[in-house]
Amino acid sequence: MASSPVNGANGTNGTNGIQNKLLEQVIRTPGRMPSPQPTHLSVPGSGHATPRVLPQEGSGYVAPKFEGKEKQMEAVMDGVEDKGFIPPDFVESETTWFYNELGIDDNYFATETVEAIVSHIHSLYAAKVAAYARDDKRLEIRLDKEAVDHAVYIDTSKPGVSVMNGPMYEQRIDEKYLNGSKGSNGYRVESFRSSSPLPGHQEQQLRCYFVYQCDFVNPNPGETEIDIEKIGDKRFLQKATPNTKRVYQQALEVAVERTGPVIEYFDVEGSREKRLVIAYKQGAAMGLFSALSDLYHYYGLTSSRKYVEQFSNGYTAMSVYLRPLAGASSAKHPPIEASIHQIIKEVSLLYCIPQNKFQAHFATARLSLQETIYAHCVWVFVSHFLNRLGSEYVALSQILDSDNSAHAELLSKLKRRLRAETFTADYILEIINQYPDLVHSLYLSFANTHYVQTRGEQDDFLPTLSFLRIKFDKVLTDEELDEAINKSVVNDHHQIVMSSFRIFNSCVLKTNFYTPTKVALSFRMNPIFLPPSEYPQSLYGMFLVISSEFRGFHLRFRDIARGGIRIVKSRSPEAYAINARSLFDENYNLANTQQRKNKDIPEGGSKGVVLLDYHHQDKATVAFEKYIDSILDLLLPPTSPGIKDPIVDLYGKEEILFMGPDENTADLVDWATEHARTRGAPWWKSFFTGKSPKLGGIPHDRYGMTTLSVREFVSGIYRKLNLDPSKVRKLQTGGPDGDLGSNEILLSNEKYIAIVDGSGVLVDPKGIDHDELLQLAKKRVMISQFDISKLSPEGYRVLVDENNIRLPTGELVYNGTTFRNTFHLRSSMHYDTFVPCGGRPESIDLTSANKLIVDGKSVIPYIVEGANLFITQDAKLRLEKAGCILYKDASANKGGVTSSSLEVLASLSFDDEGFIKHMCVGEDGIAPEFYNKYVKEVQKTIQNNARLEFEAIWREHQATGEPRSTLSDTLSVAITKLDEELQSTELWNNADFRKSVLSEALPNLLLEQIGLDKIMERVPENYLRAIFGSYLASRFVYGYGISASQFAFFDFMNKRMAKLKA
């Protein structure tokens, strides 16, 4: 299906000549219209023909008749009369009105006691009386009752209007009942609008809400159960008509196969009423119930009935019966036949961010939903990239001496303060809120670029609502936008913030913002806006992903790049604020580290970091799934019209991302692999590494891949210095429960003095019992399970939740968490080797590094940084200057990336059949013979590459005296730079030489099993070029040194050519 951006240039009215009565009707309607959205009749849903028509009778719910209703009504009248509050002449009329005019079904009367109903009638009557005391004579009826298993809310409601003050019952229902509904613990909602207006108040009606705790037929169904007769609530099954059950059944069957929501609508026979049905996974859209009201109110619709149903298999279904406003109010809105399509499209936006930061502007119709969610996304973008340092900082950094530790420490502190205090997220939000008109104009510019009008005679188009805003509101040029901003803002800060919208617009290369079904908003950004003074290494690609549960980035330094995806959690609002401020920088530094450690492999460095919102710390799985699916929206061509439509692609080239596990995602990569396969990604086998062996993965932890390279560097130090490992005293952060920590314990034979992990600190100056440590490492449990009877009298353990603990030395530990967090900085402890295998980035910075230096000498002689970014670069240099032999993360822990790269290579080299046969462990748990042999070859490659780099850095340090931390980076830059140059030379075009290099670079087992020609046929050429370049470059630099001359390279190439001729 062809597509193109809409820019108003296609025809006189943007309709491509399509005749449509609804189009003509809406063009004549002068009222408020939405900003561009794709609007056609191929509705994103279960794929059934649409629109479908439901019979007026039996289209929804039929409450079981309450046989005792008349008798109860008499008892209620008696109760009302006995109270004496309502005049006797009004008792019957008020009671009859309550029973018959408010649209309340029999279920309520069967549930409530006579006393409760009497109380509710009194409350309603009291509100009427109170209205007479008001100057505006406005009638406000508000009633709420919350019991253990049900709740009732009744409120005065003007149809089609969102109320921004008052009791906010819908938000309360979301927060108290619906957001927390999960599995067998759920709440269902029924809501009705009174059929007639309140007496004397023609614009006011009553809206009633009834909340019931679910009583499921089967509270604990099997994982694959989707039969609503088994997973439904008993009250729902009793009331729902066969038609409703059929509608929900079909929606659920599709929902369980999809990451995002199923959105359907139905015509109700004999009326203009429409029934909107949404089905989605529980907990995936917090606040959707109340936000949905704002959406249909914006388009001049009101609801007569609303239902929220929970199912015990973990899904929610929502039904809303929509109708146009009565009388003159409907004249300024499009007809319901047109607006229902717009609502369908926008529900997917609402699902991504049900409650955005600019919701008030939307609820009051000041801005459209698209405009507020666009503003929300730009607010996130600006809050990460506006806290920049400015030209003054750059000038100061050039004046000061970065080699001077005092100057470096000053700059480090200044950078943190400037970033934290210049533009806070709240300050940015406050500024944007003041300029809704600018947001409107800036959004139009964004929409004009990225909105796609799908083309095709098979679609019955309703392009009206999508084009009207562009038609009636001029899209400003960049110069006009700049002028509008400068005229509107009140000061420089406001100008900087609002101008950042233009930067955002200009840097979005593609987005799923207009994709009909999506689960999070994703943007492929051009990273050109990043200042080189702060980010000296240029990024190749950037993805920004935003949802209500999280925000995240994916950064890469090359087209072909790989790296892990980590999820960051926050234990407090303060921790979240800190994590949010450092999110992008941490992601950039992790990807940069990956780039440096990937020197031996074809892929460059990349990394993805997902930060959970503070209120969604339990949503790691939901966040990961949304993050992956929304990025896939931008990587895969659309194949399902109405579900995944074409997008505007300003990048213009195919992109493939290679990902892997990291913090809090190790258990989720199998899902990502299967999901990529389900969505039709041809590269699904290589999309994620670290997957389970049944999917062809090589688990790093099971085979100790990362630890093998760390051990090569530790062992290398001992070998060079002739040290006996069994007598070396060792400190390790990251305990026996972690991947790196457990394998470090299993593979090492040093004398452990202290181990720090998530549970606390374990210390024994005489040496921690090694056999007990091995048991913990094999079980993957924390030191909290260490048998402390095996400690010497000088040994101790302090757990994070312990306080006021007296150590054997007499020292008093006041707080176990603080003790754990700072233990690695205690200079009073005596170790020979420190191997960080876990811990947060920057656990040792320039300031804290000084605590490890006494009398100008490092108290720890040898450090091998197993954990990524554990020590800042300036701290590493300070420690090395004080005599520490230190090997940094980019060199030491590259074993995992080597394993992942060879896993990717195998998946690209095999076809699907061969991959399953040779690389996938069967259901019986038995690995193919090839798989076992391949794992061993991977392990040998890791050890060999680590040994080559260790020797190269050691040799270079001996020759030049340069710090090893600097040499590690210099080595990486030398290899990657030469790698890129070699890929673009004529050497690749020499077929014999190309094959000679690849036959050395590729694993022997793959060559034997598949053959070089088949591999070259199946593996993408840009990937093969990367293998070719990285292998030649690394072998030259490792063999001839970092600063080898051109003559050395000439000699290197002569030897290779001679070998080829021989």
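## Crossing of α36 and α40

Helix α36 (residues 964-983) and helix α40 (residues 1021-1040) approach with their axes within 8 Å, crossing at roughly 135°; axes are lines fitted to C-alpha atoms, for helices over the stretch in contact, and angles run from 0 to 180 degrees between N-to-C directions. The angle therefore makes α36 oblique to α40 (under 35 degrees is roughly parallel, over 145 roughly antiparallel, 65 to 115 roughly perpendicular, and the rest oblique). Helices here are DSSP runs of H or I with at least four residues, and strands are runs of E with at least two, numbered from the N terminus.

From α36, the residues L971, A974, I975, L978, D979, L982 and Q983 meet a set in α40 that includes R1025, F1028, L1032, F1036 and Y1038, where contact means heavy atoms within 4.5 Å. By class, the contact of α36 with α40 comprises 12 nonpolar, four polar and two charged residues; Ala, Val, Leu, Ile, Met, Phe, Trp, Tyr, Cys and Pro count as nonpolar, Asp, Glu, Lys and Arg as charged, and the others, Gly among them, as polar.

## Basis of the model

The model is predicted: local features need pLDDT of at least 70, side-chain atom pairs count only at pLDDT 80 or more, and totals for chains, interfaces and linings use all residues. Residues are numbered from 1 along each chain as its sequence is written, and side-chain values use heavy atoms, with hydrogens and water left out.

## The seven-stranded sheet

An open sheet of seven strands is arranged in the order β20-β19-β18-β17-β23-β26-β27, with mixed pairing; two strands pair if DSSP finds at least two bridges between them. From one strand to the next, the twist averages 10°.

Strands β23 (residues 833-836) and β26 (residues 862-864) run parallel and are joined by two bridges. T833 has Y862 of β26 as its bridge partner. Helix α27 (residues 739-747) lies across β17 (729-733), β18 (751-757) and β23, at about 160° to β17.

## Positive phi values

Most residues other than glycine have a negative phi. A365 is partly exposed because its relative accessibility is 24% (buried is under 20% relative accessible area, exposed over 50%, partly exposed in between, with a 1.4 Å probe and protein chains only).

N804, in strand β21 (residues 803-806), has a positive phi near 55°. With a relative accessible area of 51%, N804 is exposed.
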